[in-house]
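Subject: Structure handover and findings

Hello,

Here is the structure you asked to look over. My notes follow below it.

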Amino acid sequence: MAAASALAVVAPDISIWAQNDTPAFSLPVLPYPTDALEPFIDKMTMEIHYGKHHKAYVDNLNKAIVDNDKAKDRNLDFLMSIAGQLPPAVRNNAGGHYNHSLFWTLLAPAKGQQPGSKFMEMVNASFGSLDKFKEEFAKAGMQRFGSGWVWAIIKNNKLLISSTPNQDNPLMDVAESKGYPILALDVWEHAYYLKYQNLRADYIKAFWNVVNWNEVEKRIISSEGK
Ligand code: MN3
């Protein structure tokens with residue numbers, strides 16, 4: 001099987017595989033220690049979110065693709081593009097793996113980092129100000145009923161905010177609002193409940209302290225021409 005993930009990979013957990021077989025997908029390295037986002041995102045949440053939830057998406061994706069000819073030996077980008085044709089076990093776990101792999105890179109320890117110039121240009125053009133953008137982003141997070149994600153996406157060189165249910169994302173053929181994601185926030189309860197309980201709004205507010213704005217800026221650059 002091909003090493004299919006375009007994202008950074010580490011030695012995979014081979015416990016579910018027979019000898020001489022290699023799982024297609026593996027858990028990427030977390031780019032910082034699990035306590036690095038304290039106090040905004042707590043260590044225990046990160047340990048469970050990354051080490052249990054994300055790992056389960058990876059393991060279950062590897063199991064789900066074994067008997068699926070459409071999904072076998074395909075990379076995540078391709079699976080996103082045909083999500084609507086995939087059985088729920090493949091679609092949900094492929095989305096879960098993709099979304100979390102991206103999410104970890106979009107977070108960083110709070111060191112007073114500020115949004116970059118390309119991002120601010122797009123924000124001002126589409127929303128008028130950073131405060132207005134944050135307000136709209138938070139609103140999308142609060143309006144997402146049940147589990148899902150909030151996104152800032154680029155579509156036709158324009159910055160938009162969208163949200164998706166479950167583990168769907170804006171790259172999927174089934175997404176209501178498609179585009180290239182440059183910022184993501186997990187609003188599943190497992191992402192915040194230990195620290196914030198039912199207070200999703202407080203979690204969203206805290207998120208702004210740990211956004212990896214350098215990565216957002218890089219994604220804007222890589223979106224050019226897409
Ligand atoms: Mn999650």
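First, a term: a residue is buried under 20% relative accessible area, exposed over 50% and partly exposed in between, with a 1.4 Å probe and protein chains only. The model is predicted, so local features need pLDDT of at least 70 and side-chain atom pairs count only at pLDDT 80 or more, while totals for chains, interfaces and linings use all residues. Residues are numbered from 1 along each chain as its sequence is written, and side-chain values use heavy atoms, with hydrogens and water left out.

Overall layout

The protein has eight helices and three strands. Both are DSSP runs numbered from the N terminus: helices are H or I with at least four residues, strands are E with at least two. The order along the sequence is α-α-α-α-α-β-β-β-α-α-α. Of the 226 residues, 49% are buried. Contact here means heavy atoms within 4.5 Å. Take the contacts between residues at least 6 apart in sequence: 64% of these join residues at least 24 apart.

Metal site

Which residues are the protein donors of the manganese ion? They are His49 (NE2), His100 (NE2), Asp186 (OD) and His190 (NE2), at 1.9 to 2.1 Å from the ion. Donors are N, O and S atoms within 2.8 Å of the metal (3.2 Å for Na, K and Ca); water is not among the atoms, so sites may look incomplete. Along the chain, the donor spacing reads H-x50-H-x85-D-x3-H. His49 lies in helix H1 (residues 43-65) and His100 in helix H3 (residues 88-105). These two are 51 residues apart, so to speak a link between distant parts of the chain. Both His49 and His100 are buried.

Aromatic pairs

The whole structure holds 15 aromatic pairs. Rings of Phe, Tyr and Trp (its six-membered ring) pair if their centres lie within 6.5 Å; planes under 30 degrees apart count as stacked, over 60 as edge-to-face and the rest as tilted. Phe119 and Phe133 have ring centres 5.3 Å apart and planes at 85°, so this pair is edge-to-face. Phe119 belongs to helix H4 (residues 117-127) and Phe133 to helix H5 (residues 130-143), so the pair ties together parts 14 residues apart in sequence. Both Phe119 and Phe133 are buried.

Phe133 also pairs with Phe137. Their ring centres are 5.8 Å apart and their planes at 40°, so the pair is tilted. Both sit in H5, four residues apart, about one turn of the helix. Phe137 is buried, as is Phe133. Ring pairs join Phe119, Phe127, Phe133, Phe137, Phe207, Trp208 and Trp213 into a cluster.

H4 against H5

How do these two helices meet? Their axes come within 9 Å and cross at roughly 75°. Axes are lines fitted to C-alpha atoms, for helices over the stretch in contact, and angles run from 0 to 180 degrees between N-to-C directions. H4 and H5 are therefore roughly perpendicular. The cut-offs: under 35 degrees is roughly parallel, over 145 roughly antiparallel, 65 to 115 roughly perpendicular, and the rest oblique. H4 contributes Phe119, Met120, Val123 and Phe127 to the contact.

A charge sits over a ring if NZ of Lys or CZ of Arg is within 6 Å of the ring centre and within 35 degrees of the ring normal. The charged end of Arg74 sits over the ring of Phe78, 4.1 Å from its centre. The charged end of Lys195 sits over the ring of Tyr196, 5.8 Å from its centre.

Backbone points

Most residues other than glycine have a negative phi, and most peptide bonds are trans. The peptide bond from Glu38 to Pro39 is cis, with omega near -5°. Pro39 is in the segment before H1. Asn156 has a positive phi, near 50°. Asn156 lies in the loop between strand E1 (148-155) and strand E2 (158-165) and is exposed, at 70% relative accessible area. Asn166 has a positive phi of about 55°. Asn166 lies in the loop between E2 and strand E3 (180-186) and is partly exposed, at 40%.

Best wishes
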